[in-house]
Amino acid sequence: MELQWELILFTTFIAWSAGLFGAQAFAAAFGQAKKAQLISWIAAALLLVIGGVAVFLHLQHWERIFNGFGHLTSGITQELIAIVVFAVVAIVYLIFMKRSEDGASVPKWLAWLAVALSAVLVIVMAHSYMMSARPAWDSFIWVAYVLGNSLVLGPATLAVIAALKGETDFKQIGLWVFVGALAGLVFALIYAVFTQMVGSSFTEVGLYFDPVHPTKAITDINAVIGGQALLLWLGAVVVGAALPAAAAFVARRKGDANSWKLWGIVIIITALIGAIVMRVVFYNLGLSVFMFY
Amino acid sequence: MQNVIVTDLNRCVGCLSCSVACKSANSVPVGSFWNKVLRIGPNPKSPGAQCPDVEMYFLPVGCQHCVDPECVKVCPTGASQKMEDGTVQIDKSKCIGCQFCVMACPYNVRYLNKDEGVIEKCTLCEQKIAQGELPQCVEQCGARARFFGDLEKGIENLEGPGEPAAFGDDKSYEAMAKTRVRLGDYIHPFSEDEVHHLPDVGNKPSFSYILRDRQWYGEE
């Protein structure tokens, strides 16, 4: 399937936004990273807006979305509902945060609700791509992978903001970034292995010929899968998942704000590269089960 | 009611008339198809067999107007709909061009019309069947291999265009369009295990293909 860049950016930025909001709420539940709360909220909102703009650019007739929009079995409708609920809770979170004594605290119930809804948004968004028509997409491993994006990007961004805002205690945040990066690596590895094993899920018809595309080669699914190996393993797994985990390990060992500024940015950049490269692989392997038309 | 097309692949000669007729009747854009004929094979008749012990068949593929269509489930606006006559149709005025139905189709038969910004695919010539006519690909099939009708009335009752001899003295287009043959009266006998479908991933394709004495490729 041809690359859908708007959707690649949409899913990346929403995973990042939800990850950051979830991470700041998680930190708030433990009374951590207070100096980073407001900036993190603004950054998460900006990322949500960028993702929203990207998805609107994907729609050919966005002006028609109110013309019958709301078919509940549709993943897009479910995404929209999740985003609206997420945004409402984020606004409530901001109100509680601004009204708190230190301007950076929220009730625990709200913090955990924000964490849960951040996860729900990412799961719903990734789940909308699970389609039985496309074997390389049709697995909860994909959902776990996108959740892994959030788990590494969110805490790492929170750590960088905290470092820039003068936080000095990175013991707990550092652990969250490291655990998130490890989870991202594990999910990336599992999804990478899964994509290499889907070849048998496609229909085989032996030799075939499409008279309206007489010069087009026969699709060899194993060659298509093999052709993505470099992007997948080097781009998405080594650069995009192993490097963030290694950078998180280094930053956590050093533990000071300057290290988190440097290595935190390294984690964000490499994890973003990985998230985008994996989505490129995702579309390149997104052939329909009957791929001959 | 479930309107379908059943194709007798032992009769299909791969002339592409269905594909061309469809493009002509439905103004399908250059480069896009609502109906395409693939050649499956030549494949060995038995494992390891060499030429000339090979066989092939032609496979006209388009929207299968599924019983449980995934494209309808994923459509956010209800633009893709399962109609009372069993066909799957797109209300273009509701389509936002999100292309999730394109992704959800196991057969890849939907495409984005970039000029209109909406999704298109085979309509089973709804403008024709609503007037009691046959879909254009059935009417113009060069081998009289395609038959159309309500599957719930039995596969043998599907209809194809009539033989010219049956027109009588009236050789007009209208007479030709009204003259029919029944599948059960016209094609060679077949057994139930010779009726095949494109792969089913839960969508239950309603179209079927009759293939005798040859191996069907692609799981049911």
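Q: What is the bridge partner of A:Tyr208 in S2(B)?
A: In this predicted model, A:Tyr208 has B:Ile40 as its bridge partner in S2(B). Strands here are DSSP E runs of at least two residues, and helices are H or I runs of at least four, numbered from the N terminus.

Q: What makes S1(A) and strand S2 (residues 35–44) of chain B a pair?
A: Two strands pair if DSSP finds at least two bridges between them. S1(A) and S2(B) are joined over two bridges, in the antiparallel sense, so they meet the definition.

Q: Why is H8(A) called roughly antiparallel to H9(A)?
A: Helix H8 (residues 229–254) and helix H9 (residues 257–284) of chain A pack at an angle of about 160 degrees, their axes 8 Å apart. Angles run from 0 to 180 degrees between N-to-C directions, with axes fitted to C-alpha atoms over the stretch in contact. Over 145 degrees counts as roughly antiparallel, and therefore H8(A) is roughly antiparallel to H9(A).

Q: Which residue classes make up the contact of H8(A) with H9(A)?
A: The contact has 22 nonpolar, six polar and one charged. Asp, Glu, Lys and Arg count as charged, Ala, Val, Leu, Ile, Met, Phe, Trp, Tyr, Cys and Pro as nonpolar, and the others, Gly among them, as polar.

Q: How many residues does each chain give to the contact of chain A with chain B?
A: Chain A gives 36 residues and chain B gives 41, where contact needs C-beta atoms, placed from the backbone, within 7 Å.

Residues are numbered from 1 along each chain as written, and chains are lettered from A in the order written. Local features need pLDDT of at least 70, and side-chain atom pairs 80 or more, whereas totals for chains, interfaces and linings use all residues.

Note on methods
Angles under 35 degrees count as roughly parallel, over 145 as roughly antiparallel, 65 to 115 as roughly perpendicular and the rest as oblique. Two residues are in contact if their C-beta atoms, placed from the backbone, lie within 7 Å.
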